[in-house]
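Hello,

Here is the structure I promised to pass on to you. Have a look at it first, and then read my notes below.

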Amino acid sequence: MRDLQGAETGTEPAEPLGRLVCLDGLRGVLAVYVMLGHAAPMIPWPALVRPVVDAVISHGFAAVDLFFALSGLVIVQSLARFGNRPMPFLRARARRILPTYWVVLAGSVIVLAMAPRFPALPWLIAGDAAHQIWEAGLPHPFAAHVAAHLALLQGMLPHAVMPYGEFSLLGPAWSLSTEFQFYLLIALLSGLGEGWKNLDRLALGCLALALLGWAAGQVVPAQWRFGRAFLPNESIYFGLGIASVRLLRREGGIPVFALVLAVAVALGMAGGNQFRALTPLAWLACLLIQMHPEAPVLRPAARLLRHPLLLWLGAISYPLYLVNEPAQRAVAPFILRMTHGSPVGFALIWGGLAIFLPVLLAALLHAGVERPFMRQHRRPSISTAGAGQSRVLV
């Protein structure tokens, strides 16, 4: 509740956030960036151009980290929308992510079963970035991998049980397993209470989980370590998103946010990836753009993120993120035959299709699969904060 001066005491939830337009556009930017990052390694770039391309668009994992921060920001709001009741929240999230995911997963399995292996693209070299994106074929044991993916458990299995299984059937789906683990954690902690004090607890809990995961990685034998999709390896970014809620509400929260931000930077540096250490700072920049879109130095970026095209791409970002890799792989052998193995011809035709086809398929999936299920879980519900609130962006 609020005291006589209007200060939030932490016993009741504050007004949920309305639509965050600039962050909607950011979703579109991130999805397109991941799509370009999946396509670029397959193209036979000139020797002088490839290092530049690799330096600019080879950081897809960092883009997914920003997706996780966005998820942390909106998921706690989604839980509040369901009155902090875990089962309605989990059912809504299942309706939101599973139908589109299962459709794309089925298509990806078909592509893996039918597509030729890497020798069909003669300019690719064993062990290069392309081989880290496109799997060589169906994994073994196939049934175990399918079962893990269907249940979104692929990120919860150590390498000794299923080596790099989080990438085996549908590469981008590794992050869905991480999201699923985060949903379960938030649902389990839903009884801690509401209001800003609970937001701080959740953010600090994610921080502690990240430190625990880092420490475990230093002592656990390599074969028993978990991959990137294991929640402790990514929880700091969810915590960063949770800690951002109070900032966007103009309710303080700067000390907790600064602490989580500092730890995120430190963990990125400890991992030996200096670019990943910059990712939390990129999130801070995105928050400032959302909060102060008319500031002179931020206005150009805010206008770009609010552009109708980016907002539309943000609306279809989830299916676009999932479908781009299998769609790009599916058409590669046909374009290779059409161009008679010409590297230049392949680059020109396939490069364009690698962008157009995923966007087209994502739009169809959004209209035919995603939106119908989204309508089911966006029915207005009255939370404990009272009626008349703005709808949460979920």
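Helices here are DSSP runs of H or I with at least four residues, and strands are runs of E with at least two, numbered from the N terminus.

Buried residues in H10 include Val-256, Phe-257, Val-260, Leu-261 and Ala-264. Buried means under 20% relative accessible area, exposed over 50%, and partly exposed in between (1.4 Å probe, protein chains only). After H10 comes Gly-272, which has a positive phi near 80°.

A word on the source: this is a predicted model, in which local features need pLDDT of at least 70, side-chain atom pairs count only at pLDDT 80 or more, and totals for chains, interfaces and linings use all residues. Residues are numbered from 1 along each chain as its sequence is written, and side-chain values use heavy atoms, with hydrogens and water left out.

Now for the whole protein: it has 15 helices and 0 strands, and 52% of its 394 residues are buried. Among contacts (heavy atoms within 4.5 Å) between residues at least 6 apart in sequence, 76% join residues at least 24 apart.

Finally, look at Met-338, which lies in helix H14 (residues 317–338). Met-338 counts as exposed because its relative accessibility is 51%.

Enjoy exploring!
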